[in-house]
Amino acid sequence: MNIRLKHIQFTEIQYKVSTFDPNITTDGLSSSLDMNVYFSPEEEHLNYFDVRFNLNMKKEGQFALSLRADAHFTTDKNISKNDQSSPLLKINAPAIAFPYLRAFVSNLTMNSGYNPIILPTFNFVQMAKENQE
């Protein structure tokens with residue numbers, strides 16, 4: 001099966017900074033990222049799936065960023081129930097979409113007048129294991 005990233009949409013964004021210090025984004029931020037894969041229940045969309053990212057970053061009382069991004073993928077064949085647990089869909093697809101999330105966060109903070117936040121790389125194999133448990 002081949003997958004293709006069709007597009008990514010940022011559907012929820014909450015951003016608040018209560019300081020003019022451009023370095024607020026460089027030290028002491030707590031963050032969490034979770035990711036889930038969703039498959040269409042509709043018969044005519046069996047070759048579509050989505051990867052949803054939820055990112056939260058904050059520094060108490062000074063900085064808060066919360067966003068949701070949905071990456072929409074297509075496949076060259078219908079996705080069976082067995083395919084839904086495939087590493088290609090659970091691991092590779094999020095790894096393909098993640099750089100767009102990473103660039104968005106960097107550009108948002110930099111264009112807002114703060115040092116850009118550069119998200120670290122994530123182990124999508126480990127995240128898939130944790131989501132399965």
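The legends below describe close-up views of a predicted model. Local features need pLDDT of at least 70, side-chain atom pairs count only at pLDDT 80 or more, and totals for chains, interfaces and linings use all residues. Residues are numbered from 1 along each chain as its sequence is written, and side-chain values use heavy atoms, with hydrogens and water left out.

**View 1. The largest nonpolar core.** This core has 31 residues; a nonpolar core is a set of buried Ala, Val, Leu, Ile, Met, Phe, Trp, Tyr and Cys residues joined through side-chain atoms within 4.5 Å. Two or more residues each come from β1 (3–17), β2 (30–39), β3 (48–59), β4 (63–75), α1 (87–111) and α2 (124–132). Helix α1 gives the largest share, seven residues. Helices (H or I, at least four residues) and strands (E, at least two) are DSSP runs, numbered from the N terminus.

**View 2. Surroundings of L101.** L101 is among the residues with the most contacts inside the core. Beyond its neighbours within four places in sequence, L101 is in contact (heavy atoms within 4.5 Å) with F10, L33, F53, L67, A69 and L119.

**View 3. The F10 and F104 rings.** The ring centres lie 3.9 Å apart with planes at 15°, so F10 and F104 are stacked. Rings of Phe, Tyr and Trp (its six-membered ring) pair if their centres lie within 6.5 Å; planes under 30 degrees apart count as stacked, over 60 as edge-to-face and the rest as tilted. F10 is in strand β1 and F104 in helix α1, 94 residues apart. F10 is partly exposed at 24% relative accessibility, and F104 is partly exposed at 25% (buried is under 20% relative accessible area, exposed over 50%, partly exposed in between; 1.4 Å probe, protein chains only).

**View 4. An aromatic cluster.** F53, F98, F122 and F124 are linked by ring pairs into a cluster. The whole structure holds seven aromatic pairs.
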